Amino acid sequence: QVLAKKSGHTEWKEVLCDSKLTSQRIAQIQRALLAKGYSVGSAGVDNVLGRDTRAALLKYQKDNGLPQGNINMETLKHLGVK
């Protein structure tokens, strides 16, 4: 979990821990983003959480009113990534 502050109150968000962020999981995230119309860069699904994938993830989070700036469980669920 990470601590998130919003509008003067404290809120905790469940995030994916680094040990669970495997290349397979990154590929699942990239495929889900592509399926929803978000470009993950010219390399496509490359199993790398690079700049383009991070930008696509952030845009997806913003567009869908999700917690932003990390790989949180709410975003993964919304993308359909288990």
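Begin by selecting L57, which touches I29, L33, N70, I71, T75 and L79 when residues up to four places away in sequence are not counted; a contact here means heavy atoms within 4.5 Å. The model is predicted, so that local features need pLDDT of at least 70 and side-chain atom pairs count only at pLDDT 80 or more, while totals for chains, interfaces and linings use all residues. Residues are numbered from 1 along each chain as its sequence is written, and side-chain values use heavy atoms, with hydrogens and water left out.

L57 is located in helix α2. Helices are DSSP runs of H or I with at least four residues, strands are runs of E with at least two, and both are numbered from the N terminus. The relative accessibility of L57 is 7%, so this residue counts as buried; the term buried applies under 20% relative accessible area, exposed over 50%, and partly exposed in between, with a 1.4 Å probe and protein chains only.

**The whole chain**

Read from the N terminus, the order of the elements is β-β-α-α-α. Of its 82 residues, 33% count as buried. Among the contacts in the chain with a separation of 6 or more, residues 24 or more positions apart account for 33%.

**The largest nonpolar core**

Next, select I29, L33, I71 and L79, which touch the most other members among the 16 residues of the largest nonpolar core. A nonpolar core is a set of buried Ala, Val, Leu, Ile, Met, Phe, Trp, Tyr and Cys residues joined through side-chain atoms within 4.5 Å. Colour α1 (23–35), α2 (51–63) and α3 (73–79), each of which supplies at least two residues of this core. The greatest contribution comes from α1, with four residues. Centre the view on I29: apart from neighbours within four places in sequence, I29 is in contact with L21, L57, I71, L76, L79 and V81.

**Where α1 meets α2**

Display α1 and α2 together. Their axes come within 11 Å and cross at roughly 55°; axes are lines fitted to C-alpha atoms, for helices over the stretch in contact, and angles run from 0 to 180 degrees between N-to-C directions. The two helices are therefore oblique to each other, given that angles under 35 degrees count as roughly parallel, over 145 as roughly antiparallel, 65 to 115 as roughly perpendicular and the rest as oblique. The crossing of α1 with α2 is left-handed, a term used if the near helix is turned anticlockwise from the far one by less than a right angle, with clockwise giving right-handed.

Show the side chains of I29, Q30 and L33 from α1 and of T53, A56, L57 and Y60 from α2, which make the contact. These residues divide into five nonpolar, two polar and no charged; Ala, Val, Leu, Ile, Met, Phe, Trp, Tyr, Cys and Pro count as nonpolar, Asp, Glu, Lys and Arg as charged, and the others, Gly among them, as polar.

**Further stops along α2**

Select T53, a residue of helix α2. With a relative accessible area of 2%, T53 is buried. Leaving out neighbours within four places in sequence, the residues in contact with T53 are Q30, L33, V40 and V48.

Move to R51, also in helix α2. R51 counts as exposed, at 71% relative accessibility. Between R51 and V40 the C-alpha to C-alpha distance is 8.6 Å, for residues eleven apart in sequence.

Then select Q61, again in helix α2. Q61 has 1% relative accessibility and counts as buried. Not counting residues up to four places away in sequence, Q61 touches L66, P67, Q68, G69, N70, N72 and T75. I71 lies ten residues from Q61 in sequence and 9.7 Å from Q61 in space, C-alpha to C-alpha.

Finish at N47, in the loop between α1 and α2. The phi angle of N47 is near 65°, a positive value in a residue other than glycine. N47 is partly exposed, with a relative accessible area of 35%.
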